[in-house]
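Let's walk through this protein together, from its salt bridges to its surface. Please keep the sequence and the 3D view open as you read.

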Amino acid sequence: MALPSLREELDIFEGPKLANGQPSWVLQDPVRQQFFRIDWLTFEILSRWHLDDGQAIMAAIERDTPLEVESDDLERTLKFLSEQQLLRVDSAEAIQKMAERKQAAQSSWWQWLIHHYLFFRFPLVRPDPWLERTMGLAEVFFSKKFRWLTLAALLLGLSQVIQQWDIFHAFLLDTFTLQGLASYGVALFVVKVLHELGHAYAVKRHGGRVPTMGVAFLVMWPMAYTDTNEAWKIPDRAKRLQISSAGIATEAMLAAWALLAWALLPDGALRSAMFFVASISLSLTIALNASPFMRFDGYFIVCDLLEMPNLHQRSFALARWRLREWLFQLNEPVPEVLAPWKQASLILFAWATWLYRLVLFIGIALMVYHLFTKLLGVVLFIIEIYWFIWFPVRSELREWHTRKDKIVHSPRSRISASVAGLLLLLFAIPLPTQVAVSALFKPSEIWPVHTPGPAVIDVLHAQHGQAVAKGDKLVHLRAPDVLLQMNISQSRWQRLNWQAATAGMPEGQQGTPLALSQSQLQSAQAEFDRAQQMQLRYQPQAPFAGRFVLSDPDMRPGQWLDKNEKVGVVIGQAPWRIETWVDEDQARRLQIGASAKFLSPGLSQALTAQIVGIDKDSTRVLPDGQLSALHGGHILVREQQGKWIPEHAIYRISLELKQPYTHDLMAVQRGLLSMDANAQSLAGQYLRHALSVVIRELKP
């Protein structure tokens, strides 16, 4: 049978040696600017394609080379050429097949819209002639001398940043303004342009051509791009590695010189610009460009280092094959024969990439949802989830469907189905659960003693840990300002009282020629009473019987205390209780009388308790911060004017001990509380949460 003709414009270049030492070649389609790496056998077949006969090609290969070729190899090559449209269309049948392929590839209007919303790009310039003219200037930045100077600048800049860390940190905080964000945008534009020029000059330096540069949009986010496909034509791995890492290297050099400039320049706009360039270069290089999980610079660097082009596709194929073998044991041939350690590494890399993309794409979907109006946000959110998450899953499920006969008859499939059914059952059946939170073991009656204002301890009537009765004096505090105010108000009241008493005497014996009004005397009396009441606040008494515990056991008379400083607490004789707060979902699963267990490092044994109270209303302000996440607890709060405001609705839970605790405690104990909760399935929990989110977002 005569073979179809190859397209005349195709070209072949020598490629790098493969990992097994076998030579490779690169097949270029210049019309679509696509490159295909082919192995030795494929190269030999294409080199003899002009023989126009399959048997003649196989015979010539076996005669001229040590390779063994079979008809399957020839058919595989023919299929590859046909699928990649590398054959010449010169017959009615070929034209018909191309038309059918084009029609099948055409998508509906909504698919076209989705694809171009998710990713599209605009070529802006054809830089190759300009790059050719300026290559001599750019060569300076590739020199070894410049690299050593850059390293010295980096070390010097870092040393200066360490010495001026407070100033550098203040610069960072000061940039979170509208003007600072705008400056970051300008710096980002400059850095990314130079990043792409680094790639472009690296390609030109090694004999390649840069046909276009422009901007691409990934989910409406603009990114600069450079067409560096001609790097495929370069067989030297070190040169390809320099091309793929040129962008990151350019940003690293920018960061090094910008850090040094920031340290040396005086305050002003230029120094701020250097800070923006340095921070943008460092952060984007580490967070985005260096990641191998997306098709950015880090991915191509890893491909060149490992000499494994199409790393994602190859690792994904291995991971899908391994998953099918684990689930169904189909005994299918491995997609690619590799050393066991390399195969395992690629499979782990594929799983890590899937997890990274899952988190990233969900984050992008949520960002898109919040950036647009609710209706449009919901539509775009669904598109993101469908295209980036459900579409790959659906493709794998279709592969399973094509193998359904093998899967049904595989013993491993029945085991996998049983395990999946058991997990689904556990997911759907309500099971007894526990609610574990941090909690406080505290007295039922507790009265803190604080200083109303700056004062000095005159007398400690009760010592640390001493038993007190109701009404007993605890401490006598002396506040000079309060004493002075009381003496002044007392003197004024006595003077006005005397003047009022002498107002009715004969003329010449009165204390004043004018009689005082009754209102002046009442005002002086009220002022004196207030001063006395204020003085009484510095002489606190026990409101109930119990034990007085000083905040500092070494507190002594003569010691000065600041305003609102804690002197101690009076702990009542009533039994201690356990107190905590839970969110709405947890509160719904708890009920009065449920058992609980409390563990604390300060207790010799675990305490058993039962729930005696569940607040119906949420707590707006947390009484103290001991259970806040900021202090090691479980409650997310924000501090506002000294108050602890919960981020979400929380409800107070009160518990009593089932058996009295006989040991004397002088401090509140924080520990872990585990409470028996009503049975609930994971499916119901997730469904309830999802419905609550939907209802919340549907509200206007």
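Is Arg240 buried or exposed? Arg240 counts as buried because its relative accessibility is 5%; buried means under 20% relative accessible area, exposed means over 50%, and partly exposed lies in between, all with a 1.4 Å probe and protein chains only. Before going further, a word on what you are looking at: this is a predicted model, where local features need pLDDT of at least 70 and side-chain atom pairs count only at pLDDT 80 or more, while totals for chains, interfaces and linings use all residues. Residues are numbered from 1 along each chain as its sequence is written, and side-chain values use heavy atoms, with hydrogens and water left out.

Now for the overall picture. The protein has 22 helices and 21 strands; these are DSSP runs numbered from the N terminus, with helices (H or I) of at least four residues and strands (E) of at least two. Of its 700 residues, 37% are buried. Take the contacts (heavy atoms within 4.5 Å) between residues at least 6 apart in sequence: 70% of them join residues at least 24 apart.

Let's return to Arg240, whose side chain meets that of Glu307 in a salt bridge, 3.0 Å from N to O. A salt bridge here is a side-chain nitrogen of Lys or Arg within 4 Å of a carboxyl oxygen of Asp or Glu. This pair links distant parts of the chain, 67 residues apart: Arg240 sits in helix H10 (residues 237–244), and Glu307 in the loop between helix H13 (297–306) and helix H14 (311–328). Glu307 also counts as buried, because its relative accessibility is 14%.

The structure holds 29 salt bridges, so there are others to visit. Glu336 pairs with Arg314, with the closest N and O atoms 2.3 Å apart. Here Arg314 belongs to helix H14 and Glu336 to the loop between H14 and helix H15 (340–371), 22 residues apart. With a relative accessibility of 24%, Arg314 counts as partly exposed.

Shared partners extend the picture: salt bridges join Lys442, Arg577, Glu579, Asp615 and Arg652 into one network.

Leu431 counts as partly exposed because its relative accessibility is 36%. Together with Ile415, Val419, Leu422, Leu423, Leu425, Leu426 and Ile429, Leu431 forms a nonpolar surface patch with about 700 Å² of accessible area. Patches are made of residues with over 30% relative accessible area and no salt bridge; nonpolar side chains (Val, Leu, Ile, Met, Phe, Trp, Tyr) are joined within 5 Å and like charges within 9 Å. Accessible areas come from the Shrake-Rupley method with a 1.4 Å probe, and for residues only the protein chains shown count as cover. Helix H18 (residues 411–428) gives the most to this patch, with 6 residues.

One last stop is helix H6 (residues 128–138), which holds Asp128. Asp128 counts as buried because its relative accessibility is 17%. Leaving aside neighbours within four places in sequence, Asp128 is in contact with Lys204, Gly208, Arg209 and Val210.
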